[in-house]
Amino acid sequence: MGQIEITNVDYKYQPDTPFESIALQEINFAVEQGTYTAVIGHTGSGKSTLIQLIDGLIKPTTGEVTVVDKHVTPDSSGKELDQLRKNVGIVFQFPESQLFEETVIKDIAFGPKNFGKSDTEANEIASRAMKLVGLSDDFAEKSPFDLSGGQMRRVAIAGVLALEPDILILDEPTAGLDAAGQEQIMTLFKELNVEHGITIILVTHNMEDVAKYADQVYVLNHGKIVKSGGSREIFADQQWLNDNYLTVPVTTRIAQKLINKGYHFDEFPLTVEELSAKLLPNLKGEK
Amino acid sequence: MFTKVIFGRYVPIDSIIHRLDPRSKLILSLYFIVLVFFATNWQSYAFLGAATLGTIILTKVPLKFFWEGIRPLIFIIILTVLLQIIFSAGGTTYWHWGIFSITSGGLINGIYVFLRFFLIICMSTVLTLTTTPLLIADAVESLMKPLLKIKVPVYEIALMLSIALRFIPTLMDETQKIMNAQRARGVNFSSGSLLKRVKSIVPILIPLFISAFNRAEDLATAMESRGYRGGDNRSKFRILKWRHADTLACMCMVAVTAGLFLLKIL
């Protein structure tokens, strides 16, 4: 039994109206505790709807969503939906648009306070979260609207981490950041995953990130899960990915070209490190 | 939550009414609203009802959309009708208690109020279902042109109107996004005391205003960099064209008016 389990879920927007549209169909999705899962698929494939289901922001039209020990079915009440949110934190796309408090520390402490923490507790959690995302104490009393885009993003992420979630959902967390900022934030998430055992679900278009960090990949297309498996498995079939309007990481593309020229890998390489580790000994041998 | 609002949404179908000039549609529907108040007897309401039904059929839009347009307003309609029935006097009295009474005059008044509401909503729904918001903005601009003579900034008003219309869906999406983000952080919009609920709006309102300011700044910069210098001496991409069909529609309306006053005299 996984930590998150979605069984036979359909989701329709505006059901029974002339504008009805089906966003998800026959979704079966399971995530084990402490794993790193990536959800990929082109724009409009239903990724964002899927993560809203996991956080109890919407109810399935049919089927059942289970997060830890809480179940949500189409008949669930609003209260039951709220229960789901206690374990899950979401970093939405461009999360800096959710900032509203006068100071950074107040904004970060906002979430824990909503979930019943006292003011002092919430402030402690908030300053810990600030450290985690690499913001020094000088920022605590600043207004979030005076910060740069990258710093605002960090405050927003700290606000989510302050909820101390068991499951962290990331919806393109690095979109619009510079290369260094992207690297830093993605490393932070991986650390949270490895060191604190937080389950991570990453929604992204960046295949390099998927190859580098994810253990498990789900591919969505037109509201259906068309493929799932380990990242090695998914990226090994380049032709299939191209047919589904997805790309592969540069590394795998190089590896594929080498294979086409007759080179043999025991295991398909995903990251630059893996590729170089496999190529170097051979090159030395041939010299 | 906002996506449920169907009232006044454009439905892209090709029909005679869809192809009409937005100016004629706007004028005629405003005119019709005034006209409805001149109907005072059964025959005239039946006649206007038939005219409305004819227009609705011409739009080729499924009747369901019109029902969706009326449904959110049904409470207001019923309330007004009930007040009208209970408080109007005249004719035979069927029942009365203190200041409340049900009389034949009140019943007839109630039914008339209902019919008026119904006809007006149907006709305005015809306008919004068959005309894109941008075209309505164009029509307003074109019809306001004479006001330039008395120094009304028509172009600026028209620009603001079309920008506002353009950003309604964007801002709704944004609101939904911010609401979701705050709900994920433990804000509960649907429970608690009134004060608590009002307070829970702050985390939506502030980000929404700030993003609107940022958006306005970006948009202004983008417009300036593309050479926008103000409304005067600009040419237009969408040019409204008055066709024979529009003249015909106006003539139909004249006929309807004539018919209505004829029925009143009879």
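How many residue pairs are in polar contact between chain B and chain A (both at pLDDT 80 or more)? The count is six, a polar contact being a pair of N or O atoms within 3.5 Å; within protein, one must be able to donate a hydrogen and the other to accept it, and residues adjacent in sequence count only if both atoms are side-chain atoms.

The model is predicted: local features need pLDDT of at least 70, side-chain atom pairs count only at pLDDT 80 or more, and totals for chains, interfaces and linings use all residues. Residues are numbered from 1 along each chain as its sequence is written, chains are lettered from A and ligands numbered from 1 in the order in which they are written, and side-chain values use heavy atoms, with hydrogens and water left out.

**View 1. Contacts between chain B and chain A.** In this interface, 22 residues of chain B are in contact (heavy atoms within 4.5 Å) with 28 residues of chain A.

**View 2. The salt bridge between A:Asp107 and B:Arg185.** These side chains meet at 2.8 Å, N to O, where a salt bridge requires a side-chain nitrogen of Lys or Arg within 4 Å of a carboxyl oxygen of Asp or Glu. One salt bridge is counted between chain B and chain A.

**View 3. Charged ends over rings.** The charged end of A:Lys227 sits over the ring of A:Trp240, 4.3 Å from its centre (NZ of Lys or CZ of Arg within 6 Å of the ring centre and within 35 degrees of the ring normal). In chain B, the charged end of B:Arg166 lies over the ring of B:Phe167, 4.6 Å from its centre.
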